[in-house]
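Morning, everyone. I have one model to walk through. Please look at the chain first, then we take it piece by piece.

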Amino acid sequence: LPPGAPAFSAFVSPQAENLLEELQESFQALTDKITLRNILFGRRRIDDLEKHVTDLMTEAGIENTDEELKE
C-alpha cells in the first residue's frame with residue numbers, strides 16, 4: 001500500500017481477515033511439509049546413489065574405504 005493509505009484490515013471484514021490468516025497458516029504448514037519431504041527424499045536418493053556406487057566398485061574389484069574416497 002502507498003504511504004498514508006489505510007491499513008489492509010480497513011478494507012476487509014474481521015471474518016475475511018481471519019480467513020486470510022488461516023489460509024496463510026495453512027499455506028505455511030504445507031510449505032514446511034513439502035520442504036521436509038524434499039529434504040528427506042533428497043537424502044534417501046543420495047544414500048541410494050552411494051550404495052549403488054559402492055556396489056559397482058565392489059563388482060569392479062575396487063577396494064577403497066570410505067575414508068579414501070573422502071580424500
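How many residues apart in helix α1 are Asp55 and Lys51? They are four residues apart, and that separates them by about one helical turn. In general, an α-helix has 3.6 residues a turn, so residues three or four places apart point the same way. The side chains of Asp55 and Lys51 do meet, in a salt bridge of 2.9 Å, N to O. By salt bridge I mean a side-chain nitrogen of Lys or Arg within 4 Å of a carboxyl oxygen of Asp or Glu.

Ground rules next. This is a predicted model, where local features need pLDDT of at least 70, side-chain atom pairs count only at pLDDT 80 or more, and totals for chains, interfaces and linings use all residues. Residues are numbered from 1 along each chain as its sequence is written, and side-chain values use heavy atoms, with hydrogens and water left out.

Now the fold. The protein chain has two helices and zero strands. Both terms are DSSP runs, numbered from the N terminus: helices are H or I, at least four residues, and strands are E, at least two. Helix α1 covers residues 14-60. Its 47 residues should span 69 Å at 1.5 Å a residue, and the end C-alpha atoms are 69 Å apart, which agrees. The expected span is 1.5 Å times one less than the number of residues. After α1 comes Gly61, with a positive phi near 80°.

The chain has 71 residues, and 1% of them count as buried. Buried is under 20% relative accessible area, exposed is over 50%, and partly exposed is in between, with a 1.4 Å probe and protein chains only. The accessible surface is about 6600 Å², and 60% of that belongs to carbon and sulfur atoms. Areas are Shrake-Rupley, 1.4 Å probe; for residues, only the protein chains shown count as cover.

Back to charges. The count is three salt bridges. Arg43 meets Asp47 at 2.4 Å, N to O. That pair also sits four residues apart in α1. Arg43 forms a salt bridge with Glu50 too, closest N and O atoms 3.7 Å apart.

Asp47 is partly exposed at 36%, and Glu50 is partly exposed at 45%. Asp55, from the opening pair, is partly exposed at 30%.

Last item. Leu19, Leu20 and Leu23 form a nonpolar surface patch, about 270 Å² of accessible area together. Patch residues have over 30% relative accessible area and no salt bridge; like charges are joined within 9 Å, nonpolar side chains (Val, Leu, Ile, Met, Phe, Trp, Tyr) within 5 Å. Leu19 is partly exposed, at 47%.
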